[in-house]
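Student: I have a new structure open. Please show me how to read it.

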Amino acid sequence: MSGAPVTAGQRTSHVVLALWYAAVVIFLFAPIVTSIVYAFNIGTAGKQTSIFTGWTLDWFASAWANRSLRGAITTSLAASFWSALISVVIGSALGYALVRHPSARMRRFLTGLTYILLIVPETVTGVSLLLFYAVTGFRLSMLTLIFGITPLAISVTALIVRAGVLTLDRRLDEAAADLGANRWQALWFVVLPHLAPAILAGALMSYVFSFDNLVVSSFLTTPQINTLPVYLYGSLQYGPSPAVYAAAVAVFIFTMVILGVAGLLYRLVLRRGA
């Protein structure tokens, strides 16, 4: 049977929605496209200008030659690695407990805790951590920075692993028990292999969230310990050179690649449960 004919009012609403969607997409992505274009701009006297003066690739080499910028990149890579590693261990256990913990009350408590870590404004987290470190006498360092950016990554990893656990067939545990496996053997040889794509996706997502963290990091960095997002944001206040745009483009490409891999792994988890 053919569908009902589309009326003029429906066609108008479809056109309006399409135009509104296009406007939103342009509004969201126009700044990113602008940054990418101006990363190749020659500029004037080593500074970025509103007028595009020509194409060049020199700013990517200039960004890499900047010692402060390289130090910020190294700090971000190291802090994100340790944050992702901690998040995988704690977040995976938390995601599993959100579904499989025998106590419903504990599951509700852990779920609430996970969402609190996710929805608390990062400004509140950053200020609270800075005050805590000041009161307790902790000096700001790489360790305090890692502890600051990790809670959000833990909650993201936990929710991704939770989705993977929901797709697991509980009969797999029963089959493993029937074959003589104890609880830890079933977890190691049966559950974890099935959760591997979800755990890896959570690790990649937590790495990206930690690497791109600006708000919390801005409270916990020092002149010696500085992250790339904080460095890029600070450089914008003094007339950025095109090298800053080149670094931002490199970060954008890096983030998109990691998110793409994480998305593919997450889809693999959902297909296994289908």
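**Reading the model, feature by feature**

Tutor: Start with one residue and its surroundings. Thr114 touches Leu94, Leu98, Ser155, Ala158 and Leu159, leaving out residues up to four places away in sequence. Keep in mind that this is a predicted model.

Student: In which helix does Thr114 lie?

Tutor: Thr114 belongs to helix α4, which covers residues 104-119.

Student: Why does Thr114 count as buried?

Tutor: Buried means under 20% relative accessible area. Thr114 has a relative accessibility of 1%, so Thr114 counts as buried.

Student: Now the whole protein. How many helices and strands does the protein have?

Tutor: There are 11 helices and 0 strands. Read from the N terminus, the elements run α-α-α-α-α-α-α-α-α-α-α.

Student: What share of the residues counts as buried?

Tutor: The protein has 274 residues, and 35% of them count as buried. Contacts can be read across the sequence too. Take those between residues at least 6 apart in sequence: 73% join residues at least 24 apart.

Student: Let me try another residue. Where is Ser92 found, and is Ser92 buried or exposed?

Tutor: Ser92 is in helix α3. With a relative accessible area of 12%, Ser92 is buried. Beyond its neighbours up to four places away in sequence, Ser92 touches Ser87, Thr157, Val161 and Ile199.

Student: Which backbone atom lies 2.5 Å from a polar atom of the side chain of Ser92?

Tutor: That is the backbone oxygen of Val88.

Student: And Thr144?

Tutor: Thr144 is found in helix α6, residues 142-166. Thr144 has a relative accessible area of 4%, so Thr144 is buried. Setting aside neighbours within four places in sequence, Thr144 is in contact with Tyr133, Arg139 and Leu220. A polar atom of the Thr144 side chain lies 2.8 Å from the backbone nitrogen of Ser141.

Student: How far apart are Thr144 and Leu129 in sequence and in space?

Tutor: They are 15 residues apart in sequence. In space they are 8.7 Å apart, C-alpha to C-alpha.

Student: How do I read two packed helices?

Tutor: Two numbers describe them: the angle between the axes and the distance between the axes. Here, α3 and α10 pack at an angle of about 145 degrees, and their axes are 7 Å apart.

Student: Which residues make the contact of α3 with α10?

Tutor: α3 brings Ser68, Leu69, Ala72, Ile73 and Ser76. α10 brings Leu228, Pro229, Tyr231 and Leu232. By class, the contact has 7 nonpolar, 2 polar and no charged residues.

Student: What about empty space?

Tutor: Rolling a probe the size of a water molecule over the atoms shows where empty space is left. In this model, the largest pocket has a volume of about 570 Å³.

Student: Which residues lie nearest the centre of the largest pocket?

Tutor: Tyr96, Arg100, Arg183, Leu187 and Val191 do, out of 21 lining residues. The elements α3 (67-100), α7 (171-178) and α8 (183-211) each supply at least two residues of that lining. α8 gives the largest share, 8 residues. By class, the lining of the largest pocket has 14 nonpolar, 3 polar and 4 charged residues.

Student: What is the volume of the second largest pocket?

Tutor: About 470 Å³. The second largest pocket is lined by 18 residues. Leu232, Ala248, Val249, Val251 and Phe252 lie nearest its centre.

Student: Which helices each supply at least two residues of the lining of the second largest pocket?

Tutor: They are α1 (8-38), α10 (228-235) and α11 (242-273). The largest share, 7 residues, comes from α11. This lining divides into 15 nonpolar, 2 polar and 1 charged.

Student: How many cavities of 30 Å³ or more does the structure hold?

Tutor: The structure holds 1. The largest cavity has a volume of about 40 Å³. Ser76, Ala79, Ser80, Ile149, Ser210, Phe211, Asn213, Ser217, Thr227 and Pro229 line the largest cavity. α3 and α8 are the elements that give two or more residues to this lining.

Student: Which element gives the most to the lining of the largest cavity?

Tutor: α3 does, with 3 residues. By class, the lining of the largest cavity has 4 nonpolar, 6 polar and no charged residues.

Conventions
Residues are numbered from 1 along each chain as its sequence is written. This is a predicted model: local features need pLDDT of at least 70, side-chain atom pairs count only at pLDDT 80 or more; totals for chains, interfaces and linings use all residues. Side-chain values use heavy atoms; hydrogens and water are left out. Helices (H or I, at least four residues) and strands (E, at least two) are DSSP runs, numbered from the N terminus. Buried means under 20% relative accessible area, exposed over 50%, partly exposed in between (1.4 Å probe, protein chains only). Contact means heavy atoms within 4.5 Å. On a 1 Å grid over the protein atoms alone, a cavity is a set of points where a 1.4 Å probe fits but cannot get out, and a pocket is an open set with protein on both sides within 12 Å along at least five of seven lines; lining residues have an atom within 4 Å of a point. Grid points are joined across faces, edges and corners, and a volume is the space filled by probe spheres set on the points. Ala, Val, Leu, Ile, Met, Phe, Trp, Tyr, Cys and Pro count as nonpolar, Asp, Glu, Lys and Arg as charged, and the others, Gly among them, as polar. A polar contact is a pair of N or O atoms within 3.5 Å; within protein, one must be able to donate a hydrogen and the other to accept it, and residues adjacent in sequence count only if both atoms are side-chain atoms. Axes are lines fitted to C-alpha atoms, for helices over the stretch in contact, and angles run from 0 to 180 degrees between N-to-C directions.
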